[in-house]
Amino acid sequence: MINVGFDGTCLKHPRTGVGTYTFCLINHLANSDISINILDGVRYRNLGDYAHDYSDAEATEPGALQLVSDIARKSTLLRKLYRRFVDYHFHSAVKILDIYHATNFLPARRVNVPVLPLIHDVSHLRHPDWHPRQRVELLTGRAAEFTDAPLINTVSKFSAGEIAETLSIPPERIRITPPGTNPLYFGEPDQAESVLRELDLAQHQYFLSVGTLEPRKNLATVLSAYIELRRQGACETPLVIVGPQGWGDLNFPDGTEALQRSGHVLFLGYVTERIMHALYANATAFLYPSLYEGFGMPVTESMATGTRPIVATGGAPQEVAGDEGFCVPALDTAAWQVAMREAIDGQWSCDPDRRSRLKRRAGSFTWQENAAKTLAIYHEIAGLQQAA
């Protein structure tokens, strides 16, 4: 049996796309012929320990290790001792592993077992200004670990091409495992009417955008297009933006705060999946203007509910949306205005045939297939190690 390790820290609340990917992959590997080992800090945990974070539950109270960590941060000496403590136990823990699947690019620390890096994208190389300096330095400083890995895992053809070009990884060493679509979003949303009523939204009469608030998500372009549409008197549809606070200067256009005060632009922050489901299913259109993505899981989630995505051209989201998406240049404000007007005038959300096609497209991405392809990679690496 192959012992495969995963980093459990990304599974914690609030869970980002990497955490969702990791949770769903492990969940669908549960009955396979491998041993799953989730390493959270210095100890192994079960997937069930994180299950509550996958629905409506709030984060749990910090445990003893977290309290020790918080205290240690206040003292230079204690910080050094704590790092040594974590390093020792981390390296002791990974000795049982045959493969470490680093679903967030790289392990937290260098390990002496074969690593399968999951490189979602190479935006840290293409656009380092979109990331905190420490993250760029970490990934560039440990780039040799990508070269040394037996194989590289990624999530789209777009990202595979980018990895081959920027990291000089031969294409034959790259394995693509597209994420599945969360099956929750294919059903009818629970208590959608009450969710919309609480937010003062009407069914199929608002735009929706989802993503961490950071520069590369390019919300400034959508906001500029939306403000101009309202200035022209061409749009009364509210704009709802969901996503946790990220980092960096978002450069929101003048007029954004005024629209927030009037209730026409809503920043909801992080929301539960129940609320997210209701928002996806009842939007006029889903807006995904991100400048650079490795895949774009919100695109498949919106399609699963029957809501058409408007995405930026030339990247992974266009690959994911296929012919069912509406694609416009990422920074072309006028093009985003046209797309939003077309969504309203064409009543996209009220077209049952279109909604069915969107759901079929989303259904072509499954976690069962993702897990099967990933399992094949583990066996391929195990075979390479035996042959070495």
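Modeller: Before we start, a salt bridge here is a side-chain nitrogen of Lys or Arg within 4 Å of a carboxyl oxygen of Asp or Glu. This is a predicted model, where local features need pLDDT of at least 70, side-chain atom pairs count only at pLDDT 80 or more, and totals for chains, interfaces and linings use all residues. Residues are numbered from 1 along each chain as its sequence is written, and side-chain values use heavy atoms, with hydrogens and water left out.

Colleague: How many salt bridges does the structure hold?

Modeller: It holds 17 salt bridges. One of them joins the side chains of E293 and K217, at 2.6 Å from N to O. That pair links distant parts of the chain, 76 residues apart: E293 is in the loop between β11 (285-288) and α12, and K217 is in the loop between β8 (207-210) and α9 (219-231). Helices (H or I, at least four residues) and strands (E, at least two) are DSSP runs, numbered from the N terminus.

Colleague: Is E293 buried or exposed?

Modeller: E293 counts as buried, at 8% relative accessibility. K217 is buried too, at 11%. Buried means under 20% relative accessible area, exposed means over 50%, and partly exposed is in between (1.4 Å probe, protein chains only).

Colleague: What about R126, which residue does its side chain meet in a salt bridge?

Modeller: R126 meets E165, at 3.2 Å from N to O. R126 lies in helix α4 (residues 123-126) and E165 in helix α7 (residues 157-166), so the pair ties together parts that are 39 residues apart in sequence. R126 is partly exposed at 33%, while E165 is exposed at 57%.

Colleague: Back to α12. How many of its residues are buried?

Modeller: Eight of the eight residues of α12 (residues 297-304) are buried, so the helix is largely enclosed by the rest of the structure. Among them are M297, P298 and V299. After α12 comes G306, whose phi is positive, near 95 degrees.
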